[in-house]
Structures are given as C-alpha cells and as structure tokens.
Amino acid sequence: MLLIGTLLLGFFSGLVLSIHGVVVLDIIGGKKYSSAMGFGETACGAGNLFIGLIAGYIVEKSHTFDYFFNIMGITSIIVMAVLIIQINFSTIRKCFRLNSKANVLIRLLLRMKKKSGDRGD
C-alpha cells in the first residue's frame with residue numbers, strides 16, 4: 001500500500017507542478033501573471049511550511065507512513081482533476097466565443113448575399 005501511495009503522490013504531484021503555470025496563465029492572463037504566480041508560490045510555501053508538522057502528527061498517531069502517503073496521493077489526484085476540469089472549461093468557453101463570433105459573421109454574410117440576390121446582381 002505504501003508503494004501505491006508513493007507512486008500516486010509522485011506522479012500527480014509532478015503533473016500538478018508542471019501544469020500550474022499554464023493554468024494560471026490561462027485563467028489570469030498575461031498582465032497579472034507575475035502577481036498571480038507570486039501569490040500562488042507564496043501559498044505553496046505556506047503549505048510546505050505546515051506539511052511537515054501535519055505529516056509528523058499523522059505518522060506519530062498511526063505509527064506508519066501509509067496513511068500520510070495515501071492522503072497526499074489522493075490530494076494530488078483531486079488537485080490535478082480540478083486543474084484539468086478548469087482547462088477543459090476554459091477551452092470550451094473559448095470555442096463557444098469563437099463560434100458565436102463566427103455565427104454572427106455568417107449571418108451578416110448571408111444577409112449581404114440575400115440583399116444582393118434581391119437586386120438581381
């Protein structure tokens with residue numbers, strides 16, 4: 001069980017770390033990217049400050065590392081799922097915005113064609 005927890009923790013933590021900057025850029029945009037990354041890294045630093053205390057407490061109460069690694073693995077999976085969902089929703093929203101603009105353009109072109117057809121051009 002410890003091996004499974006360790007693998008989950010490592011794999012999904014790596015995914016979260018690698019995709020974090022892309023998600024922040026996608027959500028916040030380029031102008032506020034540096035401030036958002038600074039805030040995010042500060043929050044990560046605060047979390048890292050307390051994770052050792054939490055890990056020590058869990059290990060002391062359970063007398064094994066299994067629970068801690070499983071909890072951290074599950075937490076990483078949940079965070080990664082939220083980030084993936086955010087990316088997908090953002091992409092879907094962009095597609096709908098593009099489609100609505102394209103639909104307006106198509107309607108305008110159809111009206112222009114209809115008007116030119118009425119005149120006998």
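This is a short walk through one protein model, from its overall make-up down to two single residues.

Okay, so first things first: what you're looking at is a predicted model. What does the secondary structure come to? We get 3 helices and 0 strands, and if you read along the sequence the pattern is simply α-α-α.

The protein has 121 residues, and buried ones make up 18% of them. The accessible surface comes to about 9,400 Å², with 71% of that belonging to carbon and sulfur atoms.

Right, on to helix packing. Two packed helices get described by the angle between their axes and the distance between the axes. Here our pair is α1, residues 2-28, and α2, residues 33-62. Their axes come within 10 Å and cross at roughly 130°. The hand of the α1 and α2 crossing? Right-handed.

Which residues actually meet there? From α1 we have His-20, Gly-21, Val-24, Leu-25 and Ile-28, and on the α2 side Tyr-33, Ala-36, Met-37 and Glu-41. Sorted by class, that contact has 6 nonpolar, 2 polar and 1 charged residues.

Now two single residues I'd like you to click on. Start with Asn-70, which is found in helix α3, residues 66-118. Is Asn-70 buried or exposed? With a relative accessible area of 19%, Asn-70 is buried, given that the cut-off for buried is under 20%. And what does Asn-70 touch, leaving out residues up to four places away in sequence? That would be Met-1 and Gly-5.

The other one is His-63, in the loop between α2 and α3. Most residues other than glycine have a negative phi. His-63, though, has a phi near 60°, a positive value, and it isn't a glycine. His-63 is also exposed, because its relative accessible area is 69% and the cut-off for exposed is over 50%.

Terms used. Residues numbered from 1 in each chain as written. Predicted model: local features only at pLDDT ≥ 70, side-chain atom pairs only at ≥ 80, totals over all residues. Heavy atoms only, no water. Axes fitted to C-alpha atoms, helices over the stretch in contact; angles between N-to-C directions. Helix = DSSP H or I, 4+ residues; strand = E, 2+ residues; numbered from the N terminus. Left-handed = near helix turned anticlockwise from the far one by under 90°. Contact = heavy atoms within 4.5 Å. Nonpolar A, V, L, I, M, F, W, Y, C, P; charged D, E, K, R; others polar. Buried < 20%, exposed > 50% of the residue type's maximum accessible area, 1.4 Å probe, protein only. Areas by Shrake-Rupley, 256 points an atom, 1.4 Å probe, with all protein chains shown as cover.
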